[in-house]
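Try each task before you read its solution.

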Number of protein chains: 2
Amino acid sequence: METELSRELGIEHAIFGFTPFPAVAAAISRAGGFGVLGAVRYTDPQELARDLDRLDKLADGRPYGLDVVMPARKVEGVSEADVEAMIPDAHRGFVQELLARHGVPELPEGEASGWRITGWMEEVARRQLDVAFEYPIKLLANALGSPPADVVERAHDHGVRVAALAGSAEHACRHAAAGIDIVVAQGYEAGGHTGEIGSMVLVPEVVDAVAPLPVLAAGGIGSGEQIAAGLALGAQGVWLGSLWLTTEEADLHSPALTRKLLAAGSGDTVRSRALTGKPARQLRTAWTDAWDDPAGPGTLPMPLQGLLVADAVSRIQKYEVGALLGTPVGQIVGRMTSERSVQAVVDDLTRGFERAVTRINRIAGRSAP
Amino acid sequence: METELSRELGIEHAIFGFTPFPAVAAAISRAGGFGVLGAVRYTDPQELARDLDRLDKLADGRPYGLDVVMPARKVEGVSEADVEAMIPDAHRGFVQELLARHGVPELPEGEASGWRITGWMEEVARRQLDVAFEYPIKLLANALGSPPADVVERAHDHGVRVAALAGSAEHACRHAAAGIDIVVAQGYEAGGHTGEIGSMVLVPEVVDAVAPLPVLAAGGIGSGEQIAAGLALGAQGVWLGSLWLTTEEADLHSPALTRKLLAAGSGDTVRSRALTGKPARQLRTAWTDAWDDPAGPGTLPMPLQGLLVADAVSRIQKYEVGALLGTPVGQIVGRMTSERSVQAVVDDLTRGFERAVTRINRIAGRSAP
């Protein structure tokens with residue numbers, strides 16, 4: 001499975017795997033794909049350095065990348081405390097009431113929330129970059145908007161390609177104008193922040209809009225047949241995130257959550273603002289239902305919602321409160337039915353891809369080459 | 001582009017085209033695909049007979065089919081008047097106010113609404129079937145639920161294959177249990193009534209769920225590359241509806257609507273209950289916005305909403321009231337940018353398919369056969 005982009009990056013399969021777990025990212029790269037570590041959860045640059053050390057060691061010299069969340073527009077002089085102060089009391093009350101109704105225990109005294117999405121703050125993201133450029137990363141992906149011009153320049157100076165996620169062709173064109181190298185066209189089916197255009201329509205639109213820039217197909221891809229479909233749509237590779245969540249190398253810190261993922265069908269996710277204030281696909285739970293209920297207070301805009309719910313999400317995860325327990329994940333969750341090693345998953349993907357190519361050749365009346 | 005199903009049906013390309021226009025259906029069949037005439041708008045069996053005469057003559061001996069809307073569960077002894085009586089006055093007032101605000105003229109005295117979706121009523125659909133079985137149709141598709149057992153039997157007695165649309169694997173399994181022959185897996189991207197699972201995820205799920213029944217991929221398909229993707233996902237053919245709306249053979253009776261379709265992008269549709277009471281993808285307009293507005297009265301359940309809005313839709317279409325003028329159409333509308341003949345569209349689809357197959361072979365490292 002070789003495209004111009006995969007050749008340039010020196011990888012065997014044009015499969016890009018996004019994951020918050022260094023061991024998973026490394027295993028993807030070792031299996032011939034390209035592991036991309038999600039950095040949004042690292043508020044402490046030392047923690048990121050520790051995990052990049054681990055990734056670099058485990059990757060065995062294979063290329064890998066980092067995914068940050070960096071807004072193109074700065075909000076000057078706004079601290080986390082300033083943002084916290086903007087959260088209405090009624091919303092705080094709603095969170096407390098919801099947690100109480102489900103009997104969610106408090107965190108032990110002195111234990112801070114482990115789930116904070118302050119990585120979205122430019123200041124935090126820039127500290128992450130200072131760390132990242134110390135490592136031989138080959139790709140820097142930005143999950144929200146185009147990265148600032150100086151970051152693109154800095155990446156290019158380090159020989160690092162820059163990728164950005166897009167949910168529409170217009171969005172992709174703005175990225176191209178910002179000088180990025182790769183567009184990840186992420187369809188409606190995807191986990192996490194996602195737009196309303198399905199992958200089947202979005203991918204070729206983005207390919208046409210930003211040609212000759214390479215495009216990765218994301219959203220709804222979890223089998224070799226789906227990889228073949230993404231590549232048939234003109235992509236130079238695929239970008240998979242959800243599929244790795246139930247691999248043996250992943251560490252969700254919650255057997256209950258893993259069980260929920262393994263049991264969920266493709267109809268068990270929802271595109272909700274409950275987690276971050278922007279629409280993000282995730283497991284549908286009593287938590288998302290409460291926030292999406294027209295009778296409730298509704299969600300706050302990003303970044304307020306993320307700060308508002310950080311402690312609550314940590315408590316729900318720590319105590320594995322079933323009805324509220326969720327995670328960002330795509331519609332492909334229906335295909336995640338067993339815990340397997342990353343290598344087994346990649347083997348399955350490449351075999352399925354070969355099967356799909358053989359089948360499509362038969363349909364096209366081309367004898368097996 | 002040949003699959004087991006296309007061979008059995010004796011067609012050159014595994015491209016199924018759904019359309020309300022007999023001339024379009026015939027042109028699709030003549031071009032080597034399989035034209036399917038949508039029957040929902042025919043309240044008068046004589047009109048359907050007239051259009052089937054026309055289709056049969058124009059199809060030049062090539063196979064074609066009919067698409068009806070037939071509920072599996074009967075509502076005994078309920079007439080259209082009974083249903084009309086269930087519509088609240090407040091909703092009628094909302095329609096009148098909305099039309100007045102946009103200056104939509106009344107229909108001339110004595111002119112009945114041409115837009116009535118009473119085809120959903122079993123009584124009407126059964127009269128359509130009495131007509132249809134007089135013609136050499138090769139496929140009977142049901143757009144809403146599984147067809148009743150006696151209809152499946154009657155079709156099979158006539159040597160007619162039965163297809164049904166499904167938006168989820170569960171839905172598809174119910175169809176399979178009802179004895180149908182072909183499942184149309186219709187993704188979120190599709191125009192008209194559609195579910196929430198994107199085609200990329202839905203198609204292979206349905207293929208696995210109903211194997212060995214053949215599956216057609218629907219939703220988001222409007223290019224040869226997208227056909228290749230649908231077939232890579234395991235489908236035995238593709239089902240396209242929106243793409244034909246702007247062909248030269250189509251007769252929308254509204255140059256303004258055609259212009260709107262040609263100008264619309266993939267982000268200009270919405271999945272709304274405004275037209276029928278069930279979520280159906282259509283152009284986003286001031287009409288859908290008004291019904292989807294939480295401050296409004298909201299839509300009524302099917303079939304009340306369809307009856308409530310029938311006259312209004314006819315008036316909006318007749319007088320081409322721009323802000324309100326819409327139609328069911330999928331996200332693929334962004335690709336519909338010129339009026340072309342059906343033959344030119346099919347040529348473009350088959351060329352694009354061949355291109356995609358060549359590209360995927362190159363990626364798979366298989367030399368061009």
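Helices (H or I, at least four residues) and strands (E, at least two) are DSSP runs, numbered from the N terminus. This is a predicted model, in which local features need pLDDT of at least 70 and side-chain atom pairs count only at pLDDT 80 or more, while totals for chains, interfaces and linings use all residues. Residues are numbered from 1 along each chain as its sequence is written.

**Exercise 1.** Describe the fold content and overall dimensions of chain A.

*Solution.* Start with the secondary structure: chain A has 14 helices and 11 strands. Next, take the C-alpha trace, which spans about 65 × 45 × 40 Å along its principal axes.

**Exercise 2.** Locate the domains of chain A.

*Solution.* Bounds come from an automatic or database domain assignment. Domain 1 of chain A covers 1-69 + 117-245 + 351-369, and domain 2 covers 81-111 + 252-338. Their centres, taken over C-alpha atoms, lie 26 Å apart.

**Exercise 3.** Characterise the interface of domain 1 and domain 2 of chain A.

*Solution.* First, count contacts (heavy atoms within 4.5 Å): 22 residues of domain 1 of chain A meet 19 of domain 2. Then take the buried area (accessible area, 1.4 Å probe, that two parts lose on being put together, summed over both): about 1800 Å², with 68% on carbon and sulfur atoms.

Methods. Chains lettered and ligands numbered in written order. Heavy atoms only, no water.
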